[in-house]
Amino acid sequence: MRFRLLGPVEVDDVHDAGVLRRAKPRALLAMLVLNANRPVATSRLVEGLWGEEEPASALGALQNYVSQLRKAVGRDVIVTRAPGYMAVVEPGELDVERFERLVGDAAEADVAERAAILR
């Protein structure tokens, strides 16, 4: 599975792409994937989705969005972890991670090239 957060939020191999066309589930997925393999508190997710305009039904709606995401990307990807939920992301599945690695590789290559020139 591949998660793309640079640009529009997208997931390869999604079972139900319609879920990710809706703003709240897409935002929830982005929050979870940006914190890959770390639990995100329910309260933080609610605040991220609604801010100060939190409806009385926010917790139920959040649980509904989590259920939709699980159907779309898999129950093994979006898991319950105290104090909330977590996205299980394998190495190389997140475009942000790949981008940061490539930038680091380019910086190392530049330093090596400059060192070779100075020799």
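**The salt-bridge network and its surroundings**

Mentor: D12 is partly exposed, with a relative accessible area of 26%; here buried means under 20% relative accessible area, exposed over 50%, and partly exposed in between, with a 1.4 Å probe and protein chains only. This is a predicted model, in which local features need pLDDT of at least 70 and side-chain atom pairs count only at pLDDT 80 or more, while totals for chains, interfaces and linings use all residues. Residues are numbered from 1 along each chain as its sequence is written, and side-chain values use heavy atoms, leaving out hydrogens and water.

The side chain of D12 meets that of R4 in a salt bridge, at 2.7 Å from N to O. The term requires a side-chain nitrogen of Lys or Arg within 4 Å of a carboxyl oxygen of Asp or Glu. Through these shared partners, R4, E10 and D12 belong to one network. The link between R4 and E10 has its closest N and O atoms 2.9 Å apart. R4 counts as partly exposed because its relative accessible area is 26%, and E10 is also partly exposed, at 35%. The search of the whole structure finds two salt bridges.

From there, turn to a nonpolar part of the surface. L6, F99 and V103 form a nonpolar patch with about 290 Å² of accessible area together. Such areas come from the Shrake-Rupley method with a 1.4 Å probe, and for residues only the protein chains shown count as cover. Patch members have over 30% relative accessible area and no salt bridge; like charges are joined within 9 Å, and nonpolar side chains (Val, Leu, Ile, Met, Phe, Trp, Tyr) within 5 Å. F99 is partly exposed, at 48% relative accessibility, and is found in helix α4.

Helices (H or I, at least four residues) and strands (E, at least two) are DSSP runs, numbered from the N terminus. In α4, D95, V96 and R98 are buried, and the buried residues of this helix pack against β1 (3-4). A115, which lies in α4, is partly exposed at 32%.

In the largest nonpolar core, of 32 residues, L28, L29 and I78 touch the most other members. A core is a set of buried Ala, Val, Leu, Ile, Met, Phe, Trp, Tyr and Cys residues joined through side-chain atoms within 4.5 Å. At least two residues of this core come from each of α1 (23-34), α2 (42-50), α3 (58-73) and β5 (84-87), and α3 gives the largest share, eight residues. Leaving aside neighbours within four places in sequence, L28 is in contact (heavy atoms within 4.5 Å) with L45, L49, L62, Y65, V66 and L69.
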